[in-house]
Amino acid sequence: MNKPRLVVIGNGMAGIRTIEELLALAPDLYDITVFGSEPHPNYNRILLSPVLAGEQNFTDIVLNPLSWYEESGIHLHLGKTIERIERNNRMVIASDGTQVRYDRLLIATGSSPFILPVPGKDLKGVITYRDIYDTEAMIEAAKVKQHAVVIGGGLLGLEAANGLKLRGMDVTVVHLAETLLERQLDSTAGTLLQKSLEERGLKFLLSTSTSAILGNEAGEVAGLRFNDGSEIPADLIVMAAGIRPNTTLAESAGLHCNRGIIVNDTLQTFDPRIYAVGECVSHRGVAYGLVAPLFEQAKVCANHLALMGIGTYKGSVLSTKLKVTGIDLFSAGDFLGGEGTEEIVLSDPAGGVYKKLVIKDDQLVGACLYGDTADGAWYFKLLREGRKLGDLRDHIMFGETSVGDVGVAGHNRAATMADTDEVCGCNGVCKGAIVKAITEKGLFTLDELKKHTKAASSCGSCAGLCEQILMSTVGTDFQATPKTKAVCGCTDFSHDDVRRAIREHKLLTHNAVFDFLEWRTPNGCATCRPAINYYLISTWPREAVDDPQSRFVNERVHANIQKDNTFSVVPQMKGGVTTPDELRRIADVADKYHIPMVKVTGGQRIDLLGVKKEDLVNVWKDLGMKSGHAYGKSIRTVKTCVGAEFCRFGTQNSTQMGIDLETMLANMWSPHKVKLAVSGCPRNCAEAGIKDVGVIAVDSGWELYVGGNGGIKTEVAQFLVKVRTSEEVKEYTAAFLQLYREEAHYLDRTVHYLERVGMEYVKKRVVDDEAGRRALYERLLYSLEGLADPWEARIGGVQQREYIPIKAIA
Amino acid sequence: MNMPLTGNWTRACEVEDIPRLGSRVLERAAGNIAIFRNAQDQVFALLDRCPHKAGALSQGIVHGNAVTCPLHAWNIALDTGHACAPDEGCTQRFPIKVEGGEVFISLD
């Protein structure tokens with residue numbers, strides 16, 4: 001069988017990343033050929049600076065060893081430069097005469113250093129800083145030469161200067177602008193940077209332009225002359241004054257170029273058979289010189305090469321980090337500010353710390369940090385999400401830890417952590433293991449990190465910290481987690497896409513969803529199946545049929561699996577109220593089934609732990625109580641205090657209110673667990689401030705709070721509304737929960753949903769819009785009406801064989 | 001499917017006894033065995049013990065030809081018993097044959 005042929009011109013990070021993405025999507029679609037001018041397999045160009053500085057060697061930075069090409073069935077031509085593209089014959093021709101035909105062509109020729117057009121530019125000893133060849137030339141030069149001059153005070157120039165200094169040379173940086181890194185830092189931060197580099201022994205000539213490079217009789221570099229006529233000696237000159245996209249090949253083939261090969265949002269050039277990615281392209285008028293955008297381009301391009309046709313590239317927001325050990329700087333977005341923007345500045349020049357945040361229309365639009373960059377990842381996240389700052393504005397300068405984190409996410413900062421410090425408390429992963437995985441396995445994204453190390457893969461509270469470690473380890477290569485995430489690896493569609501398709505096209509089964517949205521796997525995975533199951537039954541109650549095989553075990557068997565594969569049983573106790581008769585039955589059951597532990601839960605109920613699966617149905621039968629749903633993404637419990645009936649401070653009957661709410665919400669499935677509490681007075685003994693819905697009685701009625709959370713990250717519930725009657729409490733509570741049920745992403749708690757849509761939106765839907773509120777309330781009641789108690793159903797014989805092993809064998 | 005060298009087949013159950021994309025447990029003193037059925041009605045048998053922390057694989061979600069352990073979400077290939085990359089580990093696999101809708105297992 002003849003597969004279509006894909007030819008890649010350029011064996012660098014952008015081209016090969018595209019191929020990796022393509023192979024992940026469609027491993028057998030193409031017969032792939034790769035041409036590279038360099039004699040090396042794909043290596044991490046960004047890590048050339050650590051190589052120059054003597055912190056790593058070349059083999060450390062190879063991303064794809066030759067064996068990878070072989071295993072992936074790629075025909076690799078090393079050391080061959082493509083000289084011509086014959087578009088009418090769909091053929092490329094290499095310097096040695098090799099000819100290969102293509103059906104699809106991917107151009108990833110990267111960029112070249114800009115060479116100042118001054119006399120003497122061709123002298124021996126004038127080099128650029130672009131690839132491993134240049135790096136090795138510099139390392140060799142540093143052994144025998146003394147005076148190095150780096151032309152250009154940008155990222156590359158400073159990294160080169162630092163490396164040469166570390167290798168023992170006397171280094172001067174010549175820069176045209178008034179401050180260093182003027183495209184990445186404002187002048188204050190640039191001056192701080194200059195100061196600390198000067199302390200390391202580097203010299204700077206700013207606002208200086210070169211007029212000629214001077215040579216000796218042997219044709220070697222001897223010095224530099226500037227516009228003002230002054231001269232300095234030099235025996236090595238590194239040109240690092242910017243890059244230019246390599247478009248010569250594309251231009252000669254007649255492809256439209258303008259400071260880069262022009263591509264559309266699918267990375268396609270003006271010839272539909274030809275795609276281009278990386279530093280050689282110009283997208284919406286921008287040519288990027290950092291790695292993160294290239295990776296985003298690679299992902300989109302691969303999607304189209306794989307004939308899926310759904311991704312678009314809309315440009316990248318950039319962030320910067322200098323890879324000079326011991327110097328922390330970070331900038332992103334519009335860090336200079338200007339018309340219509342406001343600035344928050346923290347400046348401690350003596351302590352070497354400077355932070356500037358630029359805000360426009362209540363959104364963070366730029367950040368420039370020097371000296372303390374621990375919050376860079378967090379600022380970058382806020383910036384990309386375009387989140388309204390609101391109250392956050394008062395604390396934002398003091399960093400993420402100032403906004404109410406507790407637990408592992410709070411007090412550890414990536415930069416200051418030791419290798420032995422634990423990052424992921426759930427899976428016991430320490431910083432050293434994460435850094436090792438990132439460097440050894442060449443990881444760039446949080447998802448990859450999760451898969452390889454398990455860090456951030458359980459409760460997720462350390463995800464921010466892991467992103468920080470990624471960022472500080474790989475620098476600018478860091479690939480930010482996309483804002484809208486695909487549901488899982490089976491699809492590129494987001495949760496919202498899936499919900500919309502189910503609603504608008506009335507999809508009623510998993511297979512209908514998989515077919516309609518062209519799932520990549522035949523029947524999904526353990527991540528998407530439960531999500532889709534929830535979306536189906538919540539969108540089409542009484543029509544879509546619950547699929548037990550798409551439920552996590554706890555929801556399938558209606559009990560909570562424990563580490564030894566036994567289960568825990570929590571019967572319903574509405575509002576935490578029980579009776580002597582129930583307690584006697586619980587005691588009898590515990591005796592009869594030899595239950596190893598009986599424990600009072602945090603939700604005012606009783607937990608029977610260590611029940612064997614085959615005993616579950618009999619335990620429920622003997623208890624004669626309803627399911628407490630302590631195992632599900634569902635209503636859990638309504639915690640109450642004793643309230644006005646007994647308490648001398650109580651203002652309302654909070655216990656009865658709790659019982660009424662729990663009765664109304666019985667058997668409710670939801671995107672994640674839902675916990676409520678009702679307190680009888682503002683002393684709030686039922687801890688309503690950290691519940692999904694918290695109700696606090698006051699003398700004149702009830703106050704409702706939503707979006708609280710006592711778990712991974714403590715979140716205080718926000719005030720929603722004050723109402724008079726208990727009937728209103730039920731209506732507003734139901735309306736809010738139904739809105740959450742209809743719009744939240746699966747596994748988002750109410751606080752995450754609120755964070756996404758904003759409290760204002762929720763108030764508009766639930767408080768201001770009376771008819772809308774009634775409709776939400778009625779939709780919830782419609783969904784819940786007639787739902788059977790799952791324990792009762794199973795005692796009646798539903799899914800019987802789930803609980804019974806096939807008989808024992810020898 | 002690899003055939004055992006000897007002909008010691010034990011009848012386990014009928015294919016229809018196992019839910020599609022689900023499993024049943026075969027009790028055994030030397031460790032329970034989980035019998036799985038995929039969407040194409042192929043049947044597989046693995047020791048009911050995840051190589052990670054001994055979770056009961058029979059309780060996991062079955063998808064494609066893999067099962068996700070309910071304890072820490074490792075994916076185990078049903079046909080080989082190997083953990084899917086990047087996890088590393090392996091659980092014991094038992095040969096199965098299906099004849100006339102009946103499932104036989106080899107415990108040799």
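How many bridges pair β1(B) with strand β10 (residues 102-106) of chain B, and in which sense? The two strands pair in the antiparallel sense over five bridges. Two strands count as paired if DSSP finds at least two bridges between them. Helices (H or I, at least four residues) and strands (E, at least two) are DSSP runs, numbered from the N terminus.

This is a predicted model, in which local features need pLDDT of at least 70, side-chain atom pairs count only at pLDDT 80 or more, and totals for chains, interfaces and linings use all residues. Residues are numbered from 1 along each chain as its sequence is written, while chains are lettered from A and ligands numbered from 1 in the order in which they are written.

**Chain B: sheet and interface**

The contact between the chains takes 25 residues from chain B and 21 residues from chain A. Here two residues are in contact if their C-beta atoms, placed from the backbone, lie within 7 Å. On the side of chain B that touches chain A, the elements giving two or more residues are β1 (9-14), β2 (22-26) and β5 (61-63) of chain B. β2(B) gives the most to this side, with four residues. By class, the side of chain B that touches chain A has 14 nonpolar, seven polar and four charged residues. In this classification Ala, Val, Leu, Ile, Met, Phe, Trp, Tyr, Cys and Pro count as nonpolar, Asp, Glu, Lys and Arg as charged, and the others, Gly among them, as polar.

**Chain A: overall content**

Chain A has 25 helices and 36 strands. Of its 810 residues, 46% count as buried. A residue is buried if 20 or more other C-beta atoms lie within 10 Å of its own, exposed if 12 or fewer, and partly exposed in between, with C-beta atoms placed from the backbone. Among the contacts in chain A with a separation of 6 or more, 62% are between residues 24 or more positions apart. A separate pair, A:Trp68 and A:Pro41, is 27 residues apart in sequence and 9.5 Å apart in space, C-alpha to C-alpha. A:Trp68 lies in helix α3 (residues 66-71) of chain A and is partly exposed, with 17 other C-beta atoms within 10 Å.

Strand β23 (residues 342-348) of chain A runs antiparallel to strand β24 (residues 353-360) of chain A, joined by seven bridges. β24(A) also pairs with strand β25 (residues 363-370) of chain A, in the antiparallel sense and over seven bridges.

| Hairpin | Residues between the strands | Turn residue and positive phi | Bridge partners |
|---|---|---|---|
| β23(A) and β24(A) | four residues | A:Gly352, about 70 degrees | A:Ile344 and A:Leu357 |
| β24(A) and β25(A) | two residues | A:Asp361, about 50 degrees | A:Tyr354 and A:Tyr370 |

**Chain A: positive phi in loops**

Most residues other than glycine have a negative phi. A:Leu181, which is not a glycine, has a positive phi of about 45 degrees. A:Leu181 is found in the loop between β11 (170-174) and α6 (187-199) of chain A, and is buried, with 22 other C-beta atoms within 10 Å. A:Glu518, also not a glycine, has a positive phi of about 50 degrees. The loop that holds A:Glu518 lies between α15 (510-516) and α16 (528-539) of chain A. A:Glu518 is exposed, with 11 other C-beta atoms within 10 Å.

**Chain A: a helix pair**

The axes of helix α18 (residues 580-592) and helix α19 (residues 616-623) of chain A come within 9 Å and cross at roughly 150 degrees. Axes are lines fitted to C-alpha atoms, for helices over the stretch in contact, and angles run from 0 to 180 degrees between N-to-C directions. α18(A) and α19(A) are therefore roughly antiparallel to each other, a term used for angles over 145 degrees. The contact is made by A:Arg585, A:Ile586, A:Val589 and A:Lys592 of α18(A) and by A:Val619, A:Asp622 and A:Leu623 of α19(A). By class, this contact has four nonpolar, no polar and three charged residues.

Methods
Angles under 35 degrees count as roughly parallel, over 145 as roughly antiparallel, 65 to 115 as roughly perpendicular and the rest as oblique.
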